Amino acid sequence: MNREEILLRNYQKVIASLHLSAKFSGRNPEDITLMAVTKYAPDEDVLFFLQQGLIKHIGESRVQQAELRWNNPLFAKYNTVKHFIGHLQKNKAAKAAKLFDFIDSLDHIHTAQALEEHVPPGKILRVLVQVKLTNRDTQSGLTLEDARQLVQALKTFEHLKVCGYMGIAPQGASEPELRAIFSGLKKVFEEDFPPSAERYLSLGMSEDFKIAVEEGSNLPRIGSLLFAKNLEEV
Ligand SMILES: *Cc1c(COP(=O)(O)O)cnc(C)c1O
């Protein structure tokens, strides 16, 4: 198999799993948006998926690196929805507000204010609030209570539109633990964002996206499975 065949196979496997998990949760697979996390992917691989029209939502976690790539005309000509999923430093807010369509990792009102100041005229920047899904200090994000407060505060912002929650599952959690964590956030998400709204619950990465989608995620973030180097990895 050549590289392109491997990439296509990776993609098909991910999509097949997404469909099964959507069905399991009684949802239409079309209601699930796949985010391709391109932060570690080589340019050629990302371009291949873009050329094939297979990926639209992309996730990057470093502002500078994302700028270099997505301002390059080779990439910029594709119609993508760009999500920032890393930790956003306040001093990068101006660049991020310009480049990205979504900031999925918002965890501070000051960052929100910095973004608000720099959103280009006519643009609405969508944001998700990052919830910390573990007690470990190493993870960024807010406690559920603080996250909900930030959501309420964001509703008054003119150039930001708050659309949901994002979370990263704790490493090493068992399947029942993951299900409990994901479904707990789903419940709060349902309370804070009505079904009629444009809303996203972004849970699940390569390791745990099936469980996350089964528990209600509609924006899984997948990197290593899509861009896996060889078949054994998938
Ligand atoms: C890197 C990253 C991902 C993708 O992780 P994979 O395990 O490679 O699928 C998803 N979400 C966030 C926040 C990330 O930083």
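Contact, as used in this tour, means heavy atoms within 4.5 Å. The model is predicted: local features need pLDDT of at least 70, side-chain atom pairs count only at pLDDT 80 or more, and totals for chains, interfaces and linings use all residues. Residues are numbered from 1 along each chain as its sequence is written, and side-chain values use heavy atoms, with hydrogens and water left out.

**Stop 1: Arg199**

Select Arg199, in the loop between helix 8 (175-192) and strand 7 (200-202). Helices (H or I, at least four residues) and strands (E, at least two) are DSSP runs, numbered from the N terminus. Arg199 is buried, with a relative accessible area of 16%; buried means under 20% relative accessible area, exposed over 50%, and partly exposed in between (1.4 Å probe, protein chains only).

Now show what surrounds Arg199. Apart from neighbours within four places in sequence, Arg199 is in contact with Cys163, Phe189, Glu190, Phe193, Pro194 and Asn218. The side chains of Arg199 and Glu190 are joined by a polar contact of 3.0 Å. A polar contact is a pair of N or O atoms within 3.5 Å; within protein, one must be able to donate a hydrogen and the other to accept it, and residues adjacent in sequence count only if both atoms are side-chain atoms. The Arg199 side chain also reaches the backbone oxygen of Phe193, at 2.6 Å.

**Stop 2: Asp192**

Step to Asp192, in helix 8. Asp192 is buried, at a relative accessible area of 11%. Not counting residues up to four places away in sequence, Asp192 touches Arg148, Lys155 and Tyr165. With Arg148 there is a side-chain polar contact of 2.9 Å. Draw a distance from the C-alpha atom of Asp192 to that of Gln152: they are 40 residues apart along the chain and separated by 8.8 Å.

**Stop 3: the ligand**

Select the ligand and its surroundings. Which residues surround the ligand? They are Val37, Lys39, Ile85, Ile168, Met205, Ser206, Arg221, Ile222, Gly223 and Ser224, where near means that a heavy atom of the residue lies within 4 Å of the molecule.

- Ser206: a polar side-chain atom lies 2.6 Å from an oxygen atom of the ligand.
- Arg221: a polar side-chain atom lies 2.8 Å from a nitrogen atom of the ligand.
- Gly223: a polar backbone atom is 2.8 Å from an oxygen atom of the ligand.

**Stop 4: the pockets**

On a 1 Å grid over the protein atoms alone, a pocket is an open set of points with protein on both sides within 12 Å along at least five of seven lines, whereas a cavity is a set where a 1.4 Å probe fits but cannot get out; lining residues have an atom within 4 Å of a point. Grid points are joined across faces, edges and corners, and a volume is the space filled by probe spheres set on the points.

The largest pocket has a volume of about 890 Å³. It is lined by 33 residues, of which Lys39, Ile168, Gln171, Met205 and Ser206 are the closest to its centre. Coloured by class, this lining has 14 nonpolar, 12 polar and 7 charged residues. Ala, Val, Leu, Ile, Met, Phe, Trp, Tyr, Cys and Pro count as nonpolar, Asp, Glu, Lys and Arg as charged, and the others, Gly among them, as polar.

The second largest pocket holds about 200 Å³. Tyr11, Ile15, Ile32, Thr33 and Leu34 lie nearest its centre, out of 13 lining residues. Helix 1 (residues 3-24) gives the most to this lining, with 4 residues. By class there are 8 nonpolar, 3 polar and 2 charged residues.

**Stop 5: Thr38**

Go to Thr38, in the loop between strand 1 (35-37) and helix 2 (43-51). Is Thr38 buried or exposed? Thr38 counts as buried, at 0% relative accessibility. Beyond four places in sequence, its contacts are Val46, Ile58, Gly59, Glu60, Arg69, Trp70 and Phe227.

**Stop 6**

Select helix 6 (residues 109-118), whose buried residues are Thr111, Ala112, Ala114, Leu115 and Glu116. Their cover includes helix 5 (93-99), strand 4 (102-106), strand 5 (125-132), helix 7 (144-154) and strand 6 (160-168).

End at Lys92, in the loop between strand 3 (81-84) and helix 5. Lys92 is partly exposed, with a relative accessible area of 24%. The C-alpha atoms of Lys92 and Leu115 are separated by 9.0 Å.
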